[in-house]
Amino acid sequence: IIRKKTFAEVQTERLEQAERTILIKCPSKLNENKLLQYLSSHGNIQSHFLFENHGIHALIEFSEKNSIASLQDAIGIPSAVERHVVPFKSRLFTFMLKNPVSQAAEGTPVHLSPQSHIPVKDLIQKLCHADSISSQMYILLNEYQLTEENIRLRFLACSLVRDFARAYFPDSVVRPFGSSVNTFGKLGCDVDMFLDFHDTQKSATKMKKGPFEMEYQMKRLPSERLANQKILSVIGDCLDNFGPGCVSVQKILNARCPLVKFSHQPTGFQCDLSVSNSIAIKSSELLYIYGSLDSRVRALVFSVRCWARIHGLTNSAPGAWITNFSLTMMVMFFLQKRSPPIIPTLDQLKVLADDKDMHVIGGYDCSFVSDLSKIKPTENTETLDVLLGEFFEYFGNFDFRKNSINLRKGKEVNKPESSPLYIWNPFEQDLNISKNVNQPQLEKFVAMARETAWILQKEDKTQRMINKEPWGLAVLLIPFGKSNHSKMKNKVKGIGSETIRSLLESLKLNSASSLQKAVEK
């Protein structure tokens with residue numbers, strides 16, 4: 001068995017890879033071989049791919065970092081006839097054809113790597129050809145998850161921002177966290193990144209032997225928050241004024257976690273930059289571990305999140321609805337509650353931790369095992385078909401008035417305060433990660449979960465497959481108002497009334513064949 005890499009190993013490898021990578025805006029009629037042949041004169045190309053983002057772009061990874069310097073030396077500065085340029089030698093280039101007419105004819109059709117997932121209607125069609133709900137869920141996962149190319153592009157975006165940060169803080173690193181790295185990101189999601197001064201802080205604590213206590217003179221500020229605000233303010237201005245392709249830069253410095261939002265045009269990502277956020281990295285690592293332990297974990301999360309998005313339970317804009325992170329945590333909790341459990345609780349992962357895994361951040365215990373091979377595989381063999389139905393059943397009947405969701409313990413505990421939905425932050429134990437959710441949104445979620453559980457129970461899969469109608473997961477991805485005529489009114493009061501109503505509906509229809517169809521609906 002190949003040992004699965006730890007989260008830290010993967011991050012280090014990807015960041016190192018990104019430093020050897022460049023991005024080229026290419027001419028529209030492109031001969032891919034000619035491009036690679038030219039670039040190879042500067043060094044060995046380790047890997048490359050092309051994608052469409054307002055024109056064709058090529059991501060090129062060299063084997064050696066010095067190949068980039070060699071290429072940079074061969075590249076000119078844009079002429080300042082109409083507009084003046086800000087001098088900055090980045091790793092973003094534009095290539096144009098010298099004599100476009102003769103060379104354009106040589107353009108060959110190139111393979112482009114998709115950077116966004118397929119539309120839902122195309123997905124539904126694909127799902128109808130599967131042979132079980134489990135395989136439907138894996139198809140959805142496959143279509144929505146980040147591709148290898150998209151992950152590389154995300155790390156490159158961080159690496160390009162780091163080039164600017166290093167002008168001020170030579171030892172800093174810019175790392176992605178959250179959905180870009182925790183294996184639960186879907187194509188098109190934002191890139192959360194943070195500026196890390198970890199190495200600077202480490203070296204500052206190593207006191208040399210000798211008669212003196214020695215330390216750097218540094219600017220002193222009354223709080224870490226103020227320091228972070230000042231750092232982000234300057235880096236934000238820097239990206240805004242000098243960063244090629246960085247547009248719509250917004251500084252949101254008074255948020256609980258100060259950040260700079262911007263759009264990175266060359267890669268096509270919306271980015272959020274904050275300063276050292278060690279607990280957020282721990283959350284990313286925890287999800288990375290859960291996602292790596294069993295293939296059902298990610299398949300279930302992606303299906304539930306897609307379902308929630310289609311039924312208006314989640315939204316990319318901030319508000320009173322459930323977030324993807326909260327939803328992911330609810331799935332994790334549900335998987336901890338299975339018998340036998342599919343994933344361990346955080347307390348169980350802490351027991352397996354050794355000395356190097358011990359981390360206390362800001363007074364919070366963030367210790368858990370990082371080596372995946374120390375975690376025993378689950379003995380649970382339930383299929384995804386079963387788990388999907390049971391998830392909706394479980395939360396459709398969960399006592400949200402009294403209970404909260406705690407991933408440390410893997411069990412329901414009394415709510416410490418009266419928020420409609422209470423999900424404990426796994427590390428900052430005094431925080432509720434779903435504090436934003438209001439009562440109407442929670443009720444909508446419960447009603448939808450009940451409706452969905454009911455649809456999955458009553459569905460006649462074989463008949464639907466024969467009639468070439470959407471079935472299984474595909475049915476759940478059609479807004480309910482459109483697929484069946486029953487409205488959502490009495491869902492919260494229970495399913496009984498629904499059954500009676502559909503029987504009455506069917507009695508109105510006279511012929512046996514239409515009666516048959518009514519039952520199948």
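**Pockets, cavities and sheet of the predicted model**

A pocket here is an open set of points on a 1 Å grid over the protein atoms alone, with protein on both sides within 12 Å along at least five of seven lines, and lining residues have an atom within 4 Å of a point. Grid points are joined across faces, edges and corners, and a volume is the space filled by probe spheres set on the points. The structure is a predicted model, in which local features need pLDDT of at least 70 and side-chain atom pairs count only at pLDDT 80 or more, whereas totals for chains, interfaces and linings use all residues. Residues are numbered from 1 along each chain as its sequence is written, and side-chain values use heavy atoms, with hydrogens and water left out.

The lining of the second largest pocket comprises 44 residues, and Lys-25, Leu-92, Phe-93, Thr-94 and Phe-95 are those nearest its centre. Two or more lining residues come from each of strand S1 (21-25), helix H2 (32-40), strand S4 and helix H9 (224-242). Helices (H or I, at least four residues) and strands (E, at least two) are DSSP runs, numbered from the N terminus. By class, 23 residues of this lining are nonpolar, 14 polar and seven charged. In this classification Ala, Val, Leu, Ile, Met, Phe, Trp, Tyr, Cys and Pro are nonpolar, Asp, Glu, Lys and Arg are charged, and the others, Gly among them, are polar.

Two cavities of 30 Å³ or more were found in a search of the whole structure. A cavity is a set of grid points where a 1.4 Å probe fits but cannot get out. The largest cavity holds about 70 Å³. Its lining includes Phe-88, Ser-90, Leu-92, Asp-163 and His-264. Helix H7 (residues 148-168) gives the largest share of this lining, four residues. Eight of the lining residues are nonpolar, three polar and one charged.

The second largest cavity holds about 40 Å³. It is lined by Arg-14, Gln-17, Ala-18, Thr-21, Leu-59, Arg-152, Phe-155 and Leu-156, with at least two residues each from helix H1 (7-19) and H7. Four residues of this lining are nonpolar, two polar and two charged.

Four strands form an open sheet in the order S2-S3-S1-S4, with mixed pairing. Strands S2 (45-52) and S4 (92-94) are at the edges and have a single partner strand each, so one side of each lacks a neighbour in the sheet. From one strand to the next the twist averages 20 degrees, with axes taken as lines fitted to C-alpha atoms, for helices over the stretch in contact, and angles running from 0 to 180 degrees between N-to-C directions. Two strands are counted as paired if DSSP finds at least two bridges between them. Strand S3 (residues 56-62) pairs with S2 in the antiparallel sense over seven bridges; Ala-58 in S3 is the bridge partner of Leu-50.

Backbone features were also examined. His-54, in the loop between S2 and S3, has a positive phi near 55 degrees. His-54 is exposed (over 50% relative accessible area, with under 20% buried and partly exposed in between; 1.4 Å probe, protein chains only), at 69%. Ser-248, in strand S7 (residues 246-252), has a positive phi near 50 degrees and is exposed at 56%. Ser-339 and Pro-340 are joined by a cis peptide bond with omega about -5 degrees, and Pro-340 lies in the loop between helix H12 (324-336) and helix H13 (346-351).
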